[in-house]
Amino acid sequence: MGLGGNLMWTSLAREIYERENKKVVFVSKNGIMKDTVFLNNPYISFNIKEKNIKQLNLKFKFVPEWISENKWNTSQHAIISRCNYFKITNPKVKCNLFFSKKEEEKIHSVVRELPEKFLLIEPYAKKTWTPNKQYPLEKWQKIVDKIKEIIPVVQCSLPGQKILNGVIDVSKKINSFREACLLAKYSKLFVSTEGGLMHGCNAVGTKCVIIFCPMFDPMYTKYDNVVDIWVRDENHFNCFHPKKCMKCLELMEKHDENIVIETIKKELIDERPYYSGSPALDF
């Protein structure tokens, strides 16, 4: 797992701080973890000599939510599995991100140039861990073609990726995962496949429509701000196969994109806000 997987550790750090009044130092096989998603976090320290800290060893072979490499505990959220591993029960399933003033000012300048209300998409799934999450780009284009009639669509992807027709492209203005998460804060809705930005949207309190591939049950990573669309059939789901799975890819290819379109429309109509419990950003 990448940035999203590391972002889930922030929930454990917060729980320990609130219960024990101790900051957490995460230690992996490469030493103290200084991941960018931990920056400015009042519950996490990078200094093992600091007073009132608790060192947590993340050098295990499998993350706590994995029963084995090819079998994961999808009966509960991965955050619950991680917290339970460290003797924390009944945790709040909530990620945390804390932004610098510079990051806030940067994204504020980007948002000022965007429509007052917009939908944010990331049509590209990260493929380094698994190729199975990618939803076909031609389906993404059909989604944009329909949704842009209702609300402007903003695309935020890594540089070099194809930009869909009819979107507002901010890819060259966003230079980090953290900035992308903060941008999502100001979107009416975020739409993508399951991945790091879904966890980031939980941290900033943005509602999401997320496409899950058949590989695992959405229960494993979804939050209460996420409306999930699980692409699967009665014969293929929970395969736990991060390497290329032809059946997963086939189901993603055959999936009816109109299901995604209608789900987005429904969520755009629903004006009820999702409250994340995160501090407001005041510009």
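In which loop does N90 lie? This residue of the predicted model lies in the loop between α3 and α4.

View 1. N90 is exposed, and its relative accessible area is 72%. N40 lies in another setting, the loop between β2 and β3. Because its relative accessibility is 47%, N40 counts as partly exposed.

**View 2. Helix α4, with a buried side and a face turned away from it.** Helix α4 takes in residues 101–112, twelve in number. From its first C-alpha to its last it reaches 16 Å. That is close to the 16 Å expected at 1.5 Å a residue. Its buried residues are E103, E104, I107, V110 and V111. They cover an arc of only 125 degrees around the axis, so they sit on the same side of α4. Helix α6 (177–184) is included in what covers them. The face turned away from the buried side carries the exposed residues K102 and R112.

**View 3. E122, a buried residue with no salt bridge.** E122 has its place in strand β6, residues 119–122. The nearest side chain of opposite charge is that of K127, 11 Å away. What does the side chain of E122 join in a polar contact of 2.8 Å? The partner is the side chain of S157. Neighbours within four places in sequence are left aside in the contacts of E122. Those contacts include W140, C156 and L158, as well as S157. Also in contact with E122 are F190, V191, S192, T193 and L197.

**View 4. The salt bridge between E50 and K23.** Side chains of opposite charge can pair when their charged atoms come close. A search of the whole structure finds 16 salt bridges. One of them joins the side chains of E50 and K23, at 3.4 Å from N to O. This pair links distant parts of the chain, 27 residues apart. E50 is in the loop between β2 (31–32) and β3 (53–57). K23 is in strand β1, residues 23–28. E50 is partly exposed, with a relative accessible area of 29%. K23 also counts as partly exposed, at 25% relative accessibility.

**View 5. The salt bridge between E65 and R82.** The side chains of E65 and R82 meet at 2.9 Å, N to O. E65 lies in the loop between β3 and β4 (66–68), and R82 in helix α3 (residues 78–85), so the pair ties together parts that are 17 residues apart in sequence. Are these two residues buried or exposed? E65 is buried, and R82 is buried as well.

**View 6. The salt bridge between K139 and E257.** The closest N and O atoms of K139 and E257 are 3.2 Å apart. K139 lies in helix α5 (residues 137–147) and E257 in helix α9 (residues 257–269), so their pairing ties together parts that are 118 residues apart in sequence. K139 and E257 are both buried.

**View 7. A network of salt bridges.** Which residues are linked in this network of salt bridges? They are R14, E15 and R19.

How values were computed
Residues numbered from 1 in each chain as written. Predicted model: local features only at pLDDT ≥ 70, side-chain atom pairs only at ≥ 80, totals over all residues. Heavy atoms only, no water. Helix = DSSP H or I, 4+ residues; strand = E, 2+ residues; numbered from the N terminus. Expected span 1.5 Å × (residues − 1). Buried < 20%, exposed > 50% of the residue type's maximum accessible area, 1.4 Å probe, protein only. Arc of directions from axis to C-beta. Contact = heavy atoms within 4.5 Å. Lys, Arg positive; Asp, Glu negative; His and termini not counted. Salt bridge = Lys/Arg side-chain N within 4 Å of Asp/Glu carboxyl O. Polar contact = N/O pair within 3.5 Å; in protein donor to acceptor, adjacent residues only side chain to side chain.
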